[in-house]
Amino acid sequence: MSHTRTSELNAVAQAGEWLAGAQSVVALTGAGVSAESGLPTFRGAGGLWRNRRPETLATPEAFAADPKTVWEWYDWRRSVHAGCSPNPGHHALAELERAKLEFWLVTQNVDGLHEQAGSRRILKLHGDLWKVRCLTCGREERDTRVPIDPLPPYCSCGGMLRPAVVWFGESLSEETLRAAFDAAARADLVLVLGTSSVVYPAAALPRVALERGARVIEINLEPTELSGVAHLSLRGKTGELLPEIVRRAFGGAP
Ligand code: BV8
Ligand code: ZN
């Protein structure tokens with residue numbers, strides 16, 4: 001058995017032990033958790049759209065300048081998402097929630113796959129792709145039309161609708177952020193899953209937990225800014241490693 005394989009197996013066993021013994025767990029997820037469901041990640045290869053980087057589309061300035069194009073990007077993402085389903089990584093997190101008394105799932109993802117997999121204790125830091133908000137009357141509601149026609153869509157009050165997500169340069173919901181930082185401060189184990197850990201304030205959460213003495217386990221395809229300070233950094237797919245770790249921690253279906 002190659003050295004890396006053995007050390008990876010030890011890391012998975014160690015992660016399973018720590019998870020089994022943890023009292024209060026926070027999982028922070030990013031786009032990598034949805035990659036195995038067929039969704040493009042933000043900074044990975046498939047992240048471009050019409051050769052534009054998400055950072056140049058997910059901003060209030062881009063929307064103000066050209067709402068139709070920004071909406072075409074979201075409409076495309078909604079159409080891609082509509083054909084996707086949760087993968088074993090999402091299901092493992094829903095199982096973890098059922099097994100752990102004190103658990104919060106803090107996600108940067110807006111795709112709704114965590115709810116589809118059965119997770120309920122979710123803090124959505126960056127909003128929801130399946131909700132829209134009116135620029136005029138402020139009404140926010142669920143909207144699952146695929147495609148949306150016409151683009152941009154309008155509210156019954158006549159105001160223009162925007163995706164109810166948090167763009168770069170926009171502040172996150174105070175309440176959600178406070179709940180996420182409280183959970184991270186209380187946690188004795190934080191799982192950081194499928195995120196490049198470059199977007200703040202989300203990327204600050206594992207560091208808050210670290211400072212409070214929590215253990216941090218990262219699962220990511222590639223090394224990140226967090227890999228050097230995490231207690232365990234497993235190189236691999238969340239859809240493969242996380243179910244194995246949850247199974248070792250709580251038994252359950254082989
Ligand atoms: C804020 C919603 C301030 C939209 C998103 C200049 C001006 C203003 C702000 C800033 C600035 N400079 C920096 C900032 C702060 C900025 C920021 O952090 N920028 C970064 C780029 C440096 N943050 C903000 O602007 C935030 N707001 O700070 O407000 C403020 C304060 C007070 C008052 C007013 C304002 C808002 C940030 C939220 C932005 N919105 N999304 C939408 O989705 O359309 S962020 C976007 O990036 C997504 O939510 C995404 O989830 C998130 C993070 O990306 P990741 O999830 O990590 O995805 P990524 O592709 O990067 O990585 C995936 C990883 O998975 C990779 O490492 C890959 O290897 C791995 N992987 C792939 N497949 C797998 C896998 N791993 C395991 N298994 C696999 N199968
Ligand atoms: Zn309205």
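These legends describe close-up views of a predicted model.

In this predicted model, local features need pLDDT of at least 70 and side-chain atom pairs count only at pLDDT 80 or more, while totals for chains, interfaces and linings use all residues. Residues are numbered from 1 along each chain as its sequence is written, chains are lettered from A and ligands numbered from 1 in the order in which they are written, and side-chain values use heavy atoms, with hydrogens and water left out.

**View 1. The shell around ligand 1.** There are 35 residues around ligand 1 (a residue is near if one of its heavy atoms lies within 4 Å). Arg43, Tyr74, Arg77, Gly169 and Ser196 come nearest. The shell divides into 15 nonpolar, 14 polar and 6 charged residues (Ala, Val, Leu, Ile, Met, Phe, Trp, Tyr, Cys and Pro count as nonpolar, Asp, Glu, Lys and Arg as charged, and the others, Gly among them, as polar).

**View 2. Polar atoms beside ligand 1.** A polar side-chain atom of Ser196 lies 2.6 Å from an oxygen atom of ligand 1. The backbone takes part as well: an N or O atom of Gly169 lies 2.7 Å from a ligand oxygen. For Glu170, a backbone N or O atom lies 2.7 Å from a ligand nitrogen. The protein covers 74% of the 1500 Å² of accessible area that ligand 1 has on its own (Shrake-Rupley method, 1.4 Å probe).

**View 3. Ligand 1 between two domains.** Domain 1 (17-39 + 86-126 + 172-254) and domain 2 (40-83 + 127-165) both give residues to the shell, so ligand 1 lies between them. The domain bounds come from an automatic or database assignment. Helix 5 (67-82) and helix 2 (32-35) each give two or more residues to the shell. Helix 5 gives the most, with 3 residues. Helices are DSSP runs (H or I, at least four residues), as are strands (E, at least two), numbered from the N terminus.

**View 4. Two cis peptide bonds.** Val146 and Pro147 are joined by a cis bond, with omega about -5 degrees. Pro147 sits in the loop between strand 5 (140-142) and strand 6 (161-165). From Tyr200 to Pro201 the bond is also cis, with omega near 0 degrees. Pro201 is in the loop between strand 7 (189-193) and helix 9 (205-211).

Note on methods:
A polar contact is a pair of N or O atoms within 3.5 Å; within protein, one must be able to donate a hydrogen and the other to accept it, and residues adjacent in sequence count only if both atoms are side-chain atoms.
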